[in-house]
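Let us walk through this structure step by step.

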Amino acid sequence: MIMEFNELKEVWDAQDSKPLYQIDKNVLQVRIANKMDTLLHFTSISEWTLILINFITAIVMILLHPFRTGVNLFIYLEAVWMIGIVVYLVISCIQRIKASRRFDRSVAGDLDHTLFLARYQVRIAQIIRWNFLPMGVILILSGWEAGKLVSVSTVILLSFSLAFYVTTKGYQVNRKRVAELQALKEKLETEM
Amino acid sequence: MSEKEQREILEEWLKLHKGLLFKVVRAYTMQDHDDLFQEIILQVWHSIPRFRGESAVTTWLYRIALNTAIRWVKKGKKFSTAESLDNVQHLLQENRIAVDERLTWLYAEIYKLDKIDRSVTLLLLEGFSYKEMSAMLGISESNVGVKINRIKKQLIAKSKNYDHGI
């Protein structure tokens, strides 16, 4: 049977009235699971790195006492502050692991888990970022007490500015990740 | 233009016009639908800051999609897709259940045409004018006319051999 061109056009136009596409659920599941595994791995590493850095620095501060000009209470205060951060990070880590158990291994569960991890990263990055402010003030005060205000302040300003910049970048990356995951979740809720 | 604005525009365009992109993908590749679709989305993304609203969005999207598809075929499907937009649109696949057999035949016939004729056929079926086709494809209106006459005759003649589902 011969189809005239207008019939061909009708066949062509009819495709617009039907859904032309659907979500490839297998690819989606693999992609979200990979994303979650990567974030989980990164979260564990960053938690342990922060815990170890703070713990080791606090111990070194107490044992070596950098300024060696008698008792400098501000150094001990700084060390106690850092131990406090370690405690906070350990508690957060335990709570995170406990909370992770409530997510099942479905597409939605993995996506919620990934979103939870990304938000957790944002919270930790935010806290660590602003934590540099009181830490810097305490260290400057310790330098002032030790009579090395200018040199200590300069070192603190430079090193903490760098650390603040790095953590801010990490914070921004995680904020972006949360927004993307949230958008993905909303899209899936409307498209699936 | 901020990345956020660019992303919002892309989302909006895909929401309204992704069917159009699927048509181009389907006409230009039989197997690598996902790869070409991703490449087209990437090119559309890059094109957004250049869009000044001087043409309709559909015209703009067709132009980007057809050019990308033509280059895709020319380069033997060897585009680098290292750059990737992390977007659910990439996970979309053709809904085979909804496909009409006559449409499958029509796509197969379009696929047999050369690169430019495929573009002309798609634009013709989408109802674009000779002038618009000429601007999009960079060929003269008279050339478009000649091609359209030939393609129409060709498709009608080939439909003789098609006898399913009518």
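The predictor gives each residue a confidence from 0 to 100, called pLDDT. That matters here, for this is a predicted model. Chain A has a mean pLDDT of 82. In this chain, 90% of the residues reach 70 or more.

Chain B has a mean pLDDT of 80, and 83% of its residues reach 70 or more. One stretch calls for care: over residues 79-85 of chain B the pLDDT is below 50. Beyond near neighbours in sequence, this stretch still has 15 contacts in the model. For the model as a whole, the scores are ipTM 0.74 and pTM 0.53.

Now turn to the empty space. Rolling a probe the size of a water molecule over the atoms shows where such space is left. The largest pocket holds about 750 Å³. Its lining counts 31 residues. Nearest the centre of this pocket lie A:Leu50, A:Ile128, A:Phe132, A:Ala163 and A:Thr167.

Which helices of chain A each supply at least two residues of that lining? They are H2 (25-64), H3, H4 (107-145) and H5 (149-191). H5(A) gives the most, with 10 residues. By class, the lining of the largest pocket has 20 nonpolar residues, 10 polar ones and one charged.

Move on to chain B and its helix packing. Take helix H5 (residues 115-125) of chain B and follow two of its partners. One is helix H1 (residues 3-28) of chain B, which packs against H5(B) at an angle of about 145°. The axes of H1(B) and H5(B) are 11 Å apart. Their crossing is right-handed. From H1(B), the contact uses B:Lys23, B:Val24, B:Ala27 and B:Tyr28. From H5(B), it uses B:Lys115, B:Arg118, B:Ser119 and B:Leu122. Four residues of this contact are nonpolar, one is polar and three are charged.

The other partner is helix H4 (residues 101-112) of chain B. Its axis and that of H5(B) come within 8 Å and cross at roughly 140°. H4(B) and H5(B) also make a right-handed crossing. Here B:Leu106, B:Ile110 and B:Tyr111 of H4(B) meet B:Arg118, B:Thr121 and B:Leu125 of H5(B). This contact has four nonpolar residues, one polar and one charged. Note B:Arg118: this residue of H5(B) takes part in the contact with H1(B) and in the contact with H4(B).

Notes: Residues numbered from 1 in each chain as written. Chains lettered and ligands numbered in written order. Predicted model: local features only at pLDDT ≥ 70, side-chain atom pairs only at ≥ 80, totals over all residues. Heavy atoms only, no water. Axes fitted to C-alpha atoms, helices over the stretch in contact; angles between N-to-C directions. Helix = DSSP H or I, 4+ residues; strand = E, 2+ residues; numbered from the N terminus. Left-handed = near helix turned anticlockwise from the far one by under 90°. Contact = heavy atoms within 4.5 Å. Nonpolar A, V, L, I, M, F, W, Y, C, P; charged D, E, K, R; others polar. 1 Å grid on protein atoms, 1.4 Å probe; cavity = no way out; pocket = protein on both sides within 12 Å on 5 of 7 lines; lining within 4 Å. Points joined across faces, edges and corners; volume = space filled by probe spheres on them.
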